[in-house]
Amino acid sequence: MRQEMTRKLSKFLVTGGKELQGKIDVSGAKNAVLPIIAASLLTSDKIILEEAPELLDVQVMGQVIESLGGKVKRNGKKLHISTKEIMSIETPFDLISKMRASIVIMGPMLARKGRVRISHPGGCAIGSRPINWHLKGLECLGAQVRMDHGFLDVSASRLKGAKIYLDFPSVGATENIMMAASCAEGTTIIENAAQEPEIVDLANFINEMGGKIRGAGTNIVYIEGVKELHGTTHTVIPDRIEAGTFILMAAASGGEVLVRNVIPAHLKPLLAKLDEAGVIFREEDDGIRVIGKGCYNAVDIKTQVHPGFPTDLQAPILAMLTRAKGTAVITETVFENRFMHVDELKRMGADIKIEGRSAIVQGIENMNAATVVASDLRAGAALILAALTANGTTDIRDIHHIDRGYENLDLKLRSLGAEITRVE
Ligand code: UD1
């Protein structure tokens, strides 16, 4: 409890004006490793995950597995997972409430034990975030869903392949269905499936375990159920959102940074917009080099599902555009309430108006340091980006949100010359 409080009271002090310089390595992808840890429940054999980022969210997912009876051990960048014995089918409220993404254990637990009880995840800072499409998909495979004193009780005596059309290409719903269907009888077809690179990584992982998934990365995924899956060692893909955040920070600071361990194809929607804004970058053998000049042209952005512009980079690019030449219109179409960073950026002097689902950003010359609060993970990254270019020292509160999804962000930024201190 005390540790939790200390964590919540931690803050970053960031003094602006330093150009970032040097090389930085991107960690394994948070949004890929979380469902992959859940998918390790599909086998009783050992799983080894390489390039598993050391993040709060990864710790929580490990605790979820342990709460069910599994074992998770970290050895450097490797995670060793064993779910030989699953003694429980219920995940405590505290874990689900800490991390919404833990709902992806529903699919694999149904496949493994035929039943799972999780506390209903509810909403979060960026919207009400229902899970109706997860449940609809699992029901199509033969599951029954009951609400019981705040718990979702999902059970299936047998899972049977089905054709499932998703009303929207939800990332989490596609993952839950893929995992449940991997061990169902017959073939499942997910139409209007999410196409994010993290879906492809999950499908690759399941196939390495002996699964039969085709089409991941397109909008139709075919999953042929198999009797049994086996253990494997898998390397998690690099985090495209972390890579994008460093690229934006380097560009905004006006420095020159080589961002290594990236898959450029995953960054296309960001790079296309940066090109339009006048940011100079080039692909090299071992990464993407950004040659920043600090100030760019305003560009309009509309977040979309992959391969559109990722909602997870909306806050960081908005922060960069606060100092652009002209007016940028940034429209959020994926989440209903993802402009919590705007009021904080306004405290630093930004000129932004919200109209419906759009933020109208009028570029200004300079931002000024202030005390600001990180309302969620990506909002926190946006505030650090703004602080790196602001006059004075910005005090960023509630940084436990940032630790959920960026591995050693302060250490990495310091290695590039940023003036950022963590105050516990
Ligand atoms: C994942 C990512 C998150 C990213 C998001 C969109 C993880 C751990 N998180 O979240 O970082 O921002 O994809 O790229 O991978 N929705 C419903 N009903 C449902 C499911 C979703 O209405 O059953 C809505 C959500 O409220 C949201 C939209 O659909 O408005 C997109 O959600 P989804 O694609 O499911 O995102 P997540 O999997 O939660």
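His400 is buried, with a relative accessible area of 10%, where buried means under 20% relative accessible area, exposed over 50% and partly exposed in between, with a 1.4 Å probe and protein chains only. His400 lies in helix 14, residues 400-403; helices (H or I, at least four residues) and strands (E, at least two) are DSSP runs numbered from the N terminus. The C-alpha atoms of His400 and Leu9 are separated by 8.3 Å, although the two are 391 residues apart along the chain.

This is a predicted model, in which local features need pLDDT of at least 70, side-chain atom pairs count only at pLDDT 80 or more, and totals for chains, interfaces and linings use all residues. Residues are numbered from 1 along each chain as its sequence is written, and side-chain values use heavy atoms, with hydrogens and water left out.

**The ligand and its shell**

- The ligand is surrounded by 18 residues, where a residue is near a molecule or strand if one of its heavy atoms lies within 4 Å of it.
- Asn132, Trp133, Ser170, Asp312 and Val334 are the closest of these residues.
- By class, the shell around the ligand has eight nonpolar, six polar and four charged residues; Ala, Val, Leu, Ile, Met, Phe, Trp, Tyr, Cys and Pro count as nonpolar, Asp, Glu, Lys and Arg as charged, and the others, Gly among them, as polar.
- A polar side-chain atom of Asn132 lies 2.7 Å from a nitrogen atom of the ligand.
- From Trp133, a backbone N or O atom lies 2.7 Å from an oxygen atom of the ligand.
- Asp312 has a polar side-chain atom 2.7 Å from an oxygen atom of the ligand.
- Taken alone, the ligand exposes 740 Å², and the protein buries 85% of that; accessible areas come from the Shrake-Rupley method with a 1.4 Å probe, and for residues only the protein chains shown count as cover.
- Helix 6 (132-140) and helix 7 (171-181) are the elements that give two or more residues to the shell around the ligand.
- Helix 6 gives the most to this shell, with three residues.

**Ser170**

- Ser170, one of the residues closest to the ligand, is in the loop between strand 10 (163-165) and helix 7.
- At 13% relative accessibility, Ser170 counts as buried.
- The side chain of Ser170 reaches the backbone nitrogen of Ala173 at 3.0 Å.

**Asp148 and His149**

- Asp148 is found in strand 8, residues 144-148, while His149 lies in the loop between strand 8 and strand 9 (151-155).
- Asp148 counts as buried at 19% relative accessibility, whereas His149 is exposed, with a relative accessible area of 80%.
- The side chains of Asp148 and His149 are joined by a polar contact of 2.8 Å; a polar contact is a pair of N or O atoms within 3.5 Å, and within protein one must be able to donate a hydrogen and the other to accept it, while residues adjacent in sequence count only if both atoms are side-chain atoms.

**Backbone angles**

- Most residues other than glycine have a negative phi, and most peptide bonds are trans.
- His149 is not a glycine, yet has a positive phi of about 50 degrees.
- Asn192, also a residue other than glycine, has a positive phi near 60 degrees.
- Asn192 is placed in the loop between strand 11 (187-191) and helix 8 (197-208), and is partly exposed, with a relative accessible area of 21%.
- The peptide bond from His306 to Pro307 is cis, with omega near 10 degrees.
- Pro307 is found in the loop between strand 18 (301-302) and helix 11 (314-321).

**Cavity and pocket**

- The structure holds one cavity of 30 Å³ or more; on a 1 Å grid over the protein atoms alone, a cavity is a set of points where a 1.4 Å probe fits but cannot get out, a pocket is an open set with protein on both sides within 12 Å along at least five of seven lines, and lining residues have an atom within 4 Å of a point.
- The largest cavity has a volume of about 30 Å³; grid points are joined across faces, edges and corners, and a volume is the space filled by probe spheres set on the points.
- Its lining consists of Arg240, Ile241, His266, Leu267, Pro269, Leu270, Pro310 and Leu313.
- Helix 9 (240-253) and helix 10 (268-277) each supply at least two residues of the lining of the largest cavity.
- The second largest pocket has about 210 Å³ of space and is lined by 13 residues, of which Glu54, Leu56, Gln59, Asp403 and Arg422 lie nearest its centre.
- The lining of the second largest pocket divides into four nonpolar, three polar and six charged residues.
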